[in-house]
Amino acid sequence: MYLLPAIDILDGHAVRLERGDYEKVTVYHDDPAQQAQLFEEDGAQWLHVVDLDGARAGSQGNAEVIARILRLTGLSVEVGGGLRTLDDLRRMADLGVARMVLGTALASDPDLAQAAREEFGPDMVVAGIDAEGGDVKVEGWVQGAGVSALELAASVGKMGYEHLVYTDISRDGMRTGVAPAAYVEMAEAFGNPVIASGGISSLEDISELAKVSDAIEGVIAGRAIYEGAFSVADGVAACRSTLVDAPDHMQALERPLTIEDLT
């Protein structure tokens, strides 16, 4: 597992929303690029960026801010929000981002999702599934997609996607803790480990995810870091410890964990 500190950009600021509600905004830094530098200085290697303006409007609204983050840091930057056409993806690729997250388009335009994977490859284009109560939400989390998260995960897995960010909207920005079983279910459906997002509140939550680390590729954390529950350095160390401190039965597994392993 590895840590991806999160920067959500709204109106040019680094913010966090409560359960995706644009009316419940907390501003944590006026300059997202400076915030990214602070994360890098504390040991981050990856950064998860969401263009909230783009997610709501359906088109990229913070390309210049993202470009500045890339200029001022050496972080591997994963970007999502408002990426709904191949041209949107090409612009991000030209900036030099490491990975691009397709969200709304996965459910609304499967042909685009397939074309994106074929053009950019499975290492660069990422499936982003945001769900509440098991149902996928799109358009900046304001509309239902009419499909379950597990069904969509299975579909994009069959397309050849190898990375998937799964966000539990009910927990996002709430620091309510994690539900490891949900990520195991998603990894089963997807066919690969997933990146866990939503509800990380402490290092103990990372430890809980470590128990199912065969199903978890990475961990996205935002509010808990901003509000001092743990540092980036400690989060990075906790994620890395899964590589050396996994219990013997975890190291010996020859298959991914299933939901039955947790019951």
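Strand β4 (residues 46–51) has six of its six residues buried, so the strand is largely enclosed by the rest of the structure. Buried means under 20% relative accessible area, with a 1.4 Å probe and protein chains only. Strands are DSSP runs of E with at least two residues, helices are runs of H or I with at least four, and both are numbered from the N terminus. The model is predicted: local features need pLDDT of at least 70, side-chain atom pairs count only at pLDDT 80 or more, and totals for chains, interfaces and linings use all residues. Residues are numbered from 1 along each chain as its sequence is written, and side-chain values use heavy atoms, leaving out hydrogens and water.

Look at the two faces of β4. In a regular strand the side chains alternate between the two faces of the sheet. Trp 46, His 48 and Val 50 are buried on one side of β4, and Leu 47, Val 49 and Asp 51 are buried on the other.

Next come the partners of β4. Strand β1 (residues 2–10) runs parallel to β4, joined by four bridges. Two strands pair if DSSP finds at least two bridges between them. Asp 8 stands opposite Val 50 in β4. β4 also pairs with β5 in the parallel sense, over five bridges. Here His 48 stands opposite Glu 78 in β5.

Follow Glu 78. It is found in strand β5 (residues 76–80). Its relative accessibility is 0%, so Glu 78 counts as buried. Its side chain makes a polar contact with the side chain of Arg 99, at 2.8 Å. Such a contact is a pair of N or O atoms within 3.5 Å; within protein, one must be able to donate a hydrogen and the other to accept it, and residues adjacent in sequence count only if both atoms are side-chain atoms. Arg 99 also lies over the face of Trp 46, at 4.1 Å from the ring centre. That label requires NZ of Lys or CZ of Arg within 6 Å of the ring centre and within 35 degrees of the ring normal.

Now the aromatic rings. The whole structure holds four aromatic pairs. Rings of Phe, Tyr and Trp (its six-membered ring) pair if their centres lie within 6.5 Å; planes under 30 degrees apart count as stacked, over 60 as edge-to-face and the rest as tilted. Tyr 28 and Tyr 226 have ring centres 4.5 Å apart and planes at 10°, so this pair is stacked. Tyr 28 is in strand β3 (residues 21–29) and Tyr 226 in helix α10 (residues 223–226), 198 residues apart. Ring pairs link Tyr 28, Phe 39 and Tyr 226 into a cluster.

Methods
Buried < 20%, exposed > 50% of the residue type's maximum accessible area, 1.4 Å probe, protein only.
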